[in-house]
Amino acid sequence: MTQNIWNILADSFMKILIPGLTMTIPLTLLAFGGALVIAVITALIQYAKVPVLKDLARVYIWIIRGTPLLVQLYVVFFGLPSIGVKVQAFPAAVIVFAINEGAYCAETMRAAIEAVPRGQLEAGYCSGLSFVQVMWHIVLPQAFRTAFPPLFNSLIGMVKDTSLASNITVAEMFFAAQRIAGRTYQFMAIYLELAFIYLMFSTVLSRIQAWGEKKLASYGGVRK
C-alpha cells in the first residue's frame with residue numbers, strides 16, 4: 001500500500017508541477033503586473049487629490065477589499081455572460097486577480113508615496129519639473145523602495161491565491177491536483193504533495209525577496 005502511494009506521488013509530481021510552471025506562475029505574473037499598474041495610478045490619484053477620481057478610487061478600494069475574491073471571480077466568469085459579456089477563464093482570472101490585488105497594493109503605494117518628504121517634491125518643482133516628472137523621477141523610485149517588502153509579500157500571497165482560479169476551470173496546478181486525487185482517491189497524499197509544491201514556489205520567491213531587499217539596502221533604500 002505504501003509503495004503504491006509513493007508510485008502515485010512520483011507519477012503525479014510532474015503532472016502538478018508543469019501546470020504550476022505553465023499556468024500558475026504566468027497567471028500570477030500577469031495579474032501582479034496589472035495590479036501594480038492599477039495600484040500606482042490609484043495611489044497617485046489619491047495623493048494628488050484629483051476631484052471625482054479620488055472618490056471613485058476610494059469606492060473601488062472599498063468594494064474590492066470588502067468582497068471575497070472568489071465571489072469576484074464568479075461575477076466576472078459566470079455573471080457577465082448573463083448580460084452578454086463572455087470572458088475566457090484565463091483572461092477572466094488575470095483581470096480579477098489584477099483588480100483585486102490592485103486595491104490592496106494601492107494602499108501600500110499610497111502610504112509609501114506619502115512617506116516621501118514633501119521637501120523633495122518642492123525641490124523638484126523648483127527645478128522646473130512637472131508633477132508627472134517629479135512623481136516619475138523623484139517620488140516613485142523612493143516609494144517603490146519603501147513598498148518593496150509588502151508588495152513582494154503580496155506577490156507571494158497571490159501565488160497561493162491563484163488556486164481559487166480552479167473554480168472557474170483554469171487548469172492551474174490545484175486544478176490538476178484535484179483531478180489526480182479524484183482519480184486515485186489518494187486525497188491526503190496528493191494534497192500534501194500540492195502543498196509542498198506551493199511551498200517550493202513560495203520559498204524561491206522569498207529568497208528572491210531577501211536578495212532584492214539586500215540590494216535595496218546597499219543603495220540606502222531599505223534599512224535592516
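How many aromatic pairs does the count come to? The count is six aromatic pairs, in a model that is predicted. One of them joins Phe174 and Tyr191.

**Aromatic pair and cluster**

- The rings of Phe174 and Tyr191 are stacked, with 6.2 Å from centre to centre and 25° between the planes.
- The pair links distant parts of the chain, as its two residues are 17 residues apart.
- Phe174 belongs to helix α7 (residues 173-184), and Tyr191 to helix α8 (residues 187-218).
- Phe174 has a relative accessible area of 22%, so this residue is partly exposed.
- Tyr191 is also partly exposed, because its relative accessibility is 30%.
- Phe174 and Tyr191 sit in one aromatic cluster with Tyr185 and Phe187.

**Helices α6 and α8**

- By class, the α6 and α8 contact holds eleven nonpolar, five polar and three charged residues.
- The α6 side includes Arg145, Phe148, Pro149, Phe152 and Asn153.
- Further α6 residues in the contact are Leu155, Ile156, Val159 and Lys160.
- On the α8 side, the residues include Tyr198, Phe201, Ser202, Leu205 and Ser206.
- The α8 side also includes Ile208, Gln209, Gly212, Glu213 and Leu216.

- Ser202 is a residue of helix α8.
- Is Ser202 buried or exposed? Ser202 counts as buried, because its relative accessibility is 11%.
- Leaving aside residues up to four places away in sequence, Ser202 touches Ile156 and Lys160.
- Both Ile156 and Lys160 are α6 residues that take part in the contact with α8.

**Helices α2 and α4**

- The α2 and α4 crossing is left-handed.
- From α2, the contact takes in Arg58, Tyr60, Ile61, Ile64 and Arg65.
- From α4, the contact takes in Ile99, Asn100, Gly102, Ala103, Tyr104, Ala106, Glu107 and Arg110.
- The residues of this α2 and α4 contact divide into seven nonpolar, two polar and four charged.

How values were computed
Residues numbered from 1 in each chain as written. Predicted model: local features only at pLDDT ≥ 70, side-chain atom pairs only at ≥ 80, totals over all residues. Heavy atoms only, no water. Phe/Tyr/Trp six-rings, centres within 6.5 Å; stacked < 30°, edge-to-face > 60°. Helix = DSSP H or I, 4+ residues; strand = E, 2+ residues; numbered from the N terminus. Buried < 20%, exposed > 50% of the residue type's maximum accessible area, 1.4 Å probe, protein only. Contact = heavy atoms within 4.5 Å. Nonpolar A, V, L, I, M, F, W, Y, C, P; charged D, E, K, R; others polar. Left-handed = near helix turned anticlockwise from the far one by under 90°.
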